[in-house]
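User: Hey, can you walk me through this one? I'm new to reading structures.
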Amino acid sequence: MPSNAAMRDYLLTRRSVGMAFLKDPGPTAVELEQILTIGTRVPDHGKLSPWRLILIDGENRAKAGERLAEIAKRQNPAIDSAALEMERQRFLPAPVTIGVISTAKHHPKIPEFEQLLSAANVAFNLVHAAYALGFAATWVTRWYAYDAEAGEALGVRYGERFVGFVSIGTPTAVIEDRPRPPLDQVVTRWQA
Ligand SMILES: Cc1cc2nc3c(=O)[nH]c(=O)nc-3n(C[C@H](O)[C@H](O)[C@H](O)COP(=O)(O)O)c2cc1C
């Protein structure tokens, strides 16, 4: 395979852009299909496709936020109006958010851990796909990835879990890079 300088430079400089800075325009239907196609092209021991995706876009962004606000209020009746409004706006303003669900389950040969890792690869591959098509993206979990009621409201079924939410849009800010770990702190060479 020939070396690909553009891809190398992208991988050397990529950084997430937070959801607050992701705005319209988002991907067209054709672009979104490509992002999803790339996103689901991941290592997958046993070819189980142990994941599935839920799109939250258009008017459903506000409706999903409303559901989160209802759950937050039920779980914490003392929640203040600013916090409630934050829940309502959770999936705004990013044009599209993709919930990545791990459907890992017991398998005689493939450990659930490996199935979960494959789902995490989907999430990060969606990020790469978004950038490849000229957008920016971020991968977050937040409380609703871990909360049973919120998970159900957003589409997880029994035995499944969100590995996160990948939001995609056009970046409206240049994000400073964050310090990256020096290699000598995280890499050692195995020696006998
Ligand atoms: C599994 C996972 C969950 C995350 N959840 C959150 C989150 O809930 N809130 C948040 O602010 N950042 C979260 N982050 C971090 C963001 O993705 C953050 O933007 C990222 O670490 C920036 O690194 P990058 O510039 O290399 O992409 C999460 C990261 C991962 C891998």
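User: What should I know before we start?
Analyst: This is a predicted model, where local features need pLDDT of at least 70 and side-chain atom pairs count only at pLDDT 80 or more, while totals for chains, interfaces and linings use all residues. Residues are numbered from 1 along each chain as its sequence is written, and side-chain values use heavy atoms, with hydrogens and water left out.
User: Okay, is Arg-74 buried or exposed?
Analyst: Arg-74 counts as exposed because its relative accessibility is 53%. The cut-offs are under 20% relative accessible area for buried, over 50% for exposed, and partly exposed in between (1.4 Å probe, protein chains only).
User: Which residue forms a salt bridge with Arg-74?
Analyst: Glu-149 does, and their closest N and O atoms are 2.6 Å apart. A salt bridge here is a side-chain nitrogen of Lys or Arg within 4 Å of a carboxyl oxygen of Asp or Glu.
User: Switching topic: how many residues are in the largest nonpolar core?
Analyst: It has 25 residues, with Val-166 among those with the most contacts inside it. Helix 5 supplies the largest share, 8 residues. Such a core is a set of buried Ala, Val, Leu, Ile, Met, Phe, Trp, Tyr and Cys residues joined through side-chain atoms within 4.5 Å.

Technical notes. Helices (H or I, at least four residues) and strands (E, at least two) are DSSP runs, numbered from the N terminus.
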